[in-house]
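Work through these exercises with the sequence and the model side by side. Each task is followed by a stepwise solution.

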Amino acid sequence: MTSLQFSDIQTKSQIIKAKEIHVELPSQPVKYYRHGWQSWSLAAWTDPSPIPVPKPAIFHPLQLDAEHVHKKYLHGSWLGAVEFADGNILLLGALATDANVSLQDQLSGRSEAGEVEWFIAFGKENSVFEEYAAALGIRFGETKKNIAPRVWCSWYSLYTAIDEQTLYKIFDDLGDLPFDVLQVDDGWQMDIGDWEANAKFPSGMKTLADKIKSTGRRAGLWLAPLIATKSSKLFREHPDWFLRNEAGKFVSAGFNWGERLYALDTTHPDVTSWLVALMKQVRAWGFDYLKLDFLFGGALKGKRFKDMPREAAYRECLKTMREAMGADAFFLTCGTPILPALGLCDAMRIGPDVAHFWEKYRDAYLLYNPTIPGTKNAIRTTLHRLWLKPLLHIDPDVAYFESKANHLTHEQRLLLQNLAYVCEFKATSDLPQWLGKEERSQLDCFLNLNPKIEQTGRYTFRIDDCTVDFASVTPLPDVPTGLTALWGRLVGWLGDRYLLLRMYKILNLAKLRKRKSNIL
Ligand code: 9PG
């Protein structure tokens with residue numbers, strides 16, 4: 001165990017090797033920077049007091065690091081920072097995987113994997129984070145090259161209601177809008193685990209990629225290769241490939257698509273071969289922009305074929321997939337534990353999903369869940385991960401331009417567009433059929449513009465000649481008390497009921513069908 005006095009770091013940053021490290025604070029902090037585990041998990045400066053455990057618990061494996069969620073004190077993955085009354089910050093951050101930081105009387109770091117390097121610095125927020133990112137870049141690698149491709153992605157308009165004919169029509173109607181990639185999201189596959197075209201894509205995946213390429217763009221595809229549902233052929237045929245705990249029970253990877261999810265043991269040699277073959281297959285179909293999602297499944301706690309720390313195992317698996325897909329593919333990670341993926345992907349989603357609404361009362365106040373898809377949640381966390389920008393392309397998720405199927409105000413849509421400029425990563429899912437003439441030309445303009453970006457404060461930017469202030473988006477909701485808290489507990493409990501979740505899913509599918517029938 002290593003203990004540092006404040007005087008050791010007051011004037012100069014340090015890198016120290018330790019399994020456990022404690023850093024003395026010079027005074028009471030006024031803010032705490034918590035950094036969540038994966039793309040969708042909360043990252044934010046907050047008051048230095050614990051926040052409620054997000055509900056429902058069935059989602060924990062897919063929204064945060066379930067191993068640490070019940071800690072009674074402040075904690076975060078790999079790094080933590082505190083801000084003092086004079087505006088200076090103190091940051092403690094691991095330069096390795098499998099480590100976390102907590103705040104009690106001191107800032108403390110613990111590694112789950114033996115001795116690791118720790119970065120400690122005090123000073124101005126921007127320079128401290130910049131130095132930390134540079135130190136991470138040296139150890140994990142920097143992958144940012146050129147400018148990020150401009151992406152049209154099918155998810156945030158059609159969700160799973162995609163099919164060959166609908167997509168072909170959209171690709172045609174996008175006309176000469178300057179997209180570099182047309183990316184097919186969730187909805188093309190037989191099942192989660194069975195990565196073959198389903199009945200909605202009778203001409204097959206190669207034909208789909210060819211169609212995209214015929215428009216002069218790169219073909220993009222979504223897959224969630226490290227998880228599967230029990231209903232999948234993969235799970236039925238290879239139950240021995242899935243991660244189990246010490247007691248031999250399957251480890252839960254959470255719940256989505258109306259089903260429980262399970263994670264592959266990526267250290268199993270047969271799983272590795274299967275993943276390599278899958279990456280090669282996708283490339284052979286003609287896709288060279290890969291959005292690999294739900295990747296946290298590769299880093300859940302469990303008893304692995306190869307006994308190694310869980311995030312190190314995940315990093316090794318990412319390396320294998322990266323090699324198999326080839327260096328010329330553009331690789332976007334999503335739902336990914338942040339540090340273990342650095343240096344291995346071109347781009348990373350750094351916040352929760354946006355949505356055509358701002359915030360839901362149920363999610364924000366009753367469930368107190370800042371991870372659930374929603375535009376406010378997405379902007380908040382993305383803003384707190386901008387420090388990753390020197391290392392790789394950072395994906396803030398899509399911006400909206402259409403107002404037809406959208407509950408966001410004009411100002412809220414502008415915030416998303418401005419965030420895309422700040423991240424220098426532009427994407428949308430807007431359907432050409434939904435765009436008014438003016439909206440289409442705004443989208444065109446957005447895709448063509450590369451404004452000069454200058455950060456002027458924690459949440460303020462100059463974007464060319466405009467000043468943009470995101471501060472109003474960042475606070476967390478007030479912690480519910482009294483009747484609201486009680487109501488929240490009931491809603492959280494209901495949210496954990498498998499049958500209710502399934503019913504909710506069926507209702508949502510019906511809504512989606514209606515939405516789709518309005519499109520064409
Ligand atoms: C496809 C989508 C899109 C999207 C991804 C991911 O329950 N959840 O917290 C949850 C979060 C994100 C999510 C799904 C569920 O979306 O981020 O862009 O590809 O999968 O299913």
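How many cavities of 30 Å³ or more does a search of the whole structure find?

The model is predicted, so local features need pLDDT of at least 70, side-chain atom pairs need 80 or more, and totals for chains, interfaces and linings use all residues. Residues are numbered from 1 along each chain as its sequence is written, and side-chain values use heavy atoms, without hydrogens or water.

**Exercise 1. Find the cavities and describe their linings.**

Step 1. A cavity is a set of points, on a 1 Å grid over the protein atoms alone, where a 1.4 Å probe fits but cannot get out; lining residues have an atom within 4 Å of a point. Points are joined across faces, edges and corners, and the volume is the space filled by probe spheres set on them.

Step 2. Count. The search finds two cavities of 30 Å³ or more.

Step 3. Take the largest cavity. It holds about 90 Å³. Its lining has 15 residues; nearest the centre are Glu 359, Asp 363, Ala 364, Asn 369 and Asn 377. Helices α11 (361-366) and α12 (375-383) each supply at least two lining residues. Helices are DSSP runs of H or I with at least four residues, strands are runs of E with at least two, and both are numbered from the N terminus.

Step 4. Sort that lining by class. It has eight nonpolar, three polar and four charged residues. Here Ala, Val, Leu, Ile, Met, Phe, Trp, Tyr, Cys and Pro count as nonpolar, Asp, Glu, Lys and Arg as charged, and the others, Gly among them, as polar.

Step 5. Turn to the second largest cavity. Its space is about 70 Å³. Of its 13 lining residues, Cys 153, Gln 183, Asp 395, Asp 397 and Ala 427 are closest to the centre. Strands β12 (151-153) and β20 (289-292) each give two or more residues to this lining.

**Exercise 2. Describe the shell around the ligand.**

Step 1. List the neighbours. There are 16 residues around the ligand, and Tyr 156, Asp 185, Asp 186, Lys 291 and Asp 353 come nearest. A residue counts if one of its heavy atoms lies within 4 Å.

Step 2. Check polar contacts, here pairs of N or O atoms within 3.5 Å. A ligand oxygen is 2.6 Å from a side-chain N or O atom of Asp 353. For Asp 185 the distance is 2.7 Å. For Arg 349 it is 3.3 Å.

Step 3. Sort the shell. It has eight nonpolar, two polar and six charged residues.

Key. On a 1 Å grid over the protein atoms alone, a cavity is a set of points where a 1.4 Å probe fits but cannot get out, and a pocket is an open set with protein on both sides within 12 Å along at least five of seven lines; lining residues have an atom within 4 Å of a point. A polar contact is a pair of N or O atoms within 3.5 Å; within protein, one must be able to donate a hydrogen and the other to accept it, and residues adjacent in sequence count only if both atoms are side-chain atoms.
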